[in-house]
Amino acid sequence: MDEDFVRIGTGIPGLDDMVEGGLPFPSTMLLAGNTGSGKTTFCLQFLFEGAKRGEKGLYLTTLSEPTNWMLRFTSRFSFVDKDAIGKSIAYFDLGPYFKSKYPPEDRYETLKRVIEDKIVEHMPQRIVIDPITSMENILKDSYREFLFDLSQSLKNWQAVTLMTGESTPTHSYPMEPAYTADGIIILYHLEHSDGRRRYLEVLKMRGTDHMTGKHMVDISKDGLSVQVGFK
Amino acid sequence: MNGNEIPQKLLEYLDLLSTNSRYLLSFSPFFVNHFSAHLMSYLVNVKKIRILYICVGRPHIFIQKLLQNREVPIRSIHFMDIVLGVSGRSSGKNVPEVILTNDGETLDIPMVYKLYKVDQEVDSLSLEDVDLVVLDNISELRTYSNDERVRSLLEMLNSIWENAGKGLMVLHINNRPGDGVDELSSEMGLDIVNIPNDVFT
């Protein structure tokens with residue numbers, strides 16, 4: 001592979017081994033999964049890994065979830081460094097910009113401007129947009145154009161961006177963000193006869209000789225870890 | 001320290017630079033925005049000099065936004081975008097070319113580019129209105145061109161600025177140890193400065 005590729009460690013044990021040492025930097029990644037598969041935990045672990053390395057992170061939520069509410073359920077993980085919050089890791093709620101006071105025709109430019117303003121302010125190396133798919137109802141026909149525009153902009157801002165999206169019974173990943181993403185990682189939470197199990201699959205990763213197939217995922221107090229080779 | 005202040009450790013490196021000399025400034029790919037923003041803030045706010053900022057790989061609007069957010073006045077900066085030229089796209093007959101002059105003499109720089117002052121596109125620039133040139137960044141050139149073309153371009157730019165008596169700072173993202181950029185820069189008389197990561201934290 002091209003020696004010029006810079007890679008950024010994810011902080012997810014096992015995953016970096018699947019993708020030649022880390023995610024290409026800069027790039028945009030689609031992290032898809034069904035409910036309970038671990039998407040938010042993955043994203044936080046990714047950001048806190050960056051904080052540990054002296055990097056900046058930006059978490060953009062579209063769900064209008066207050067910071068303390070989100071942290072309430074994640075603070076039990078050992079990777080969480082509460083001192084990093086508000087310093088190395090900035091949390092910003094995009095939810096207010098989805099409200100009806102912004103006319104639909106303005107929401108595209110407003111959202112793009114707000115996201116860029118936050119990036120310019122914090123200069124993060126790691127960005128999370130969770131979930132990206134909630135923008136579809138807001139942007140409607142201009143959603144695909146917005147995704148393309150945003151994806152190009154994010155790469156020019158020199159960061160790795162994780163965009164999360166819900167899987168459905170018929171689609172393991174949302175189609176629209178997949179077109180513009182440099183990589184697609186899917187988390188599964190599947191039913192077995194003896195209960196549910198979690199898996200991770202790297203479906204696509206540009207410029208990377210990545211491992212394929214579903215690999216078991218464990219979630220413990222230390223966060224997510226991929227049991228590479230266990231399928 | 002707020003986000004707009006230049007970190008003290010980085011300031012110590014920048015204070016060692018002379019704006020009349022020519023440098024290769026080498027740093028981690030993870031701090032591209034940080035270094036560009038702090039360097040420009042230093043050159044404009046502290047040294048108060050006029051800059052020609054050449055952008056390769058991404059349009060100038062990104063660095064412009066970083067600077068405006070940090071209240072760095074951009075009226076003393078001309079931005080030049082040379083993304084088109086080095087990406088291999090050929091110039092059409094109707095593409096306007098920017099005229100660069102020095103002492104009334106037109107400089108022959110064979111590439112397609114655009115020039116901006118604040119948010120206005122301009123079609124000419126005299127080097128008498130510039131104190132220093134920043135090239136952001138030589139590593140991006142290698143995405144589009146082979147080593148020979150990169151060398152050729154760098155030699156041409158270095159020669160122009162040296163003859164015009166202008167300072168030159170070439171930004172180098174050190175994502176590939178042993179890429180030959182250090183050696184090339186030394187051959188052309190550029191001083192090499194390696195910026196460590198810990199100056200940003």
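Here are some friendly questions and answers about how this two-chain predicted model is described.

In this predicted model, local features need pLDDT of at least 70 and side-chain atom pairs count only at pLDDT 80 or more, while totals for chains, interfaces and linings use all residues. Residues are numbered from 1 along each chain as its sequence is written, and chains are lettered from A and ligands numbered from 1 in the order in which they are written.

Q: What makes a stretch count as one of the helices or strands in chain A?
A: Helices are DSSP runs of H or I with at least four residues, and strands are runs of E with at least two, numbered from the N terminus. By that rule chain A has seven helices and 11 strands. Chain B likewise has seven helices and 11 strands.

Q: How do you know whether the radius of gyration of chain A agrees with that of a compact globule?
A: The radius is taken over C-alpha atoms, and the globule rule is 2.2 Å times the number of residues to the power 0.38. For 231 residues the rule gives a value near 17 Å, and chain A has 17 Å, so the two agree. Along its principal axes, the C-alpha trace of chain A spans about 50 × 40 × 40 Å.

Q: What makes strand β7 of chain A "mostly covered"?
A: A residue is buried if 20 or more other C-beta atoms, placed from the backbone, lie within 10 Å of its own; it is exposed at 12 or fewer, and partly exposed in between. Six of the seven residues of β7(A), which covers 160–166, are buried. For the whole of chain A, 43% of the 231 residues count as buried, and for chain B, 42% of 201.

Q: Why are β3 and β7 of chain A said to pair?
A: Two strands pair if DSSP finds at least two bridges between them. β3(A), residues 27–33, and β7(A) share seven bridges in the parallel sense, and one bridge joins S27(A) to V160(A). β6(A), residues 126–130, also pairs with β7(A) in the parallel sense, over four bridges; there R126(A) has V160(A) as its partner.

Q: Why are β7 and β11 of chain B described as standing at the edges?
A: The open sheet runs in the order β7-β6-β3-β2-β9-β10-β1-β11 (chain B), with mixed pairing. β7(B) (120–122) and β11(B) (191–194) each have a single partner strand, so one side of each is left without a neighbour in the sheet. β7(B) is joined to β6(B), residues 114–117, by three antiparallel bridges, and Y116(B) stands opposite E121(B).

Q: What makes a set of residues a nonpolar core, and which residues have the most contacts inside the largest one?
A: Such a core is a set of buried Ala, Val, Leu, Ile, Met, Phe, Trp, Tyr and Cys residues joined through C-beta atoms within 7 Å. The largest has 112 residues, and Y53(B), I54(B) and V170(B) have the most contacts inside it. Helix α2 of chain A, residues 39–52, gives the largest share of this core, seven residues.

Q: How do you know which residues I54(B) is in contact with?
A: Two residues are in contact if their C-beta atoms, placed from the backbone, lie within 7 Å. Leaving aside neighbours within four places in sequence, the contacts of I54(B) include M80(B), I82(B) and V133(B).

Q: How many residues does each chain bring to the contact between them?
A: Chain B brings 16 residues and chain A brings 14. On the chain B side, the largest share, four residues, comes from α3(B).
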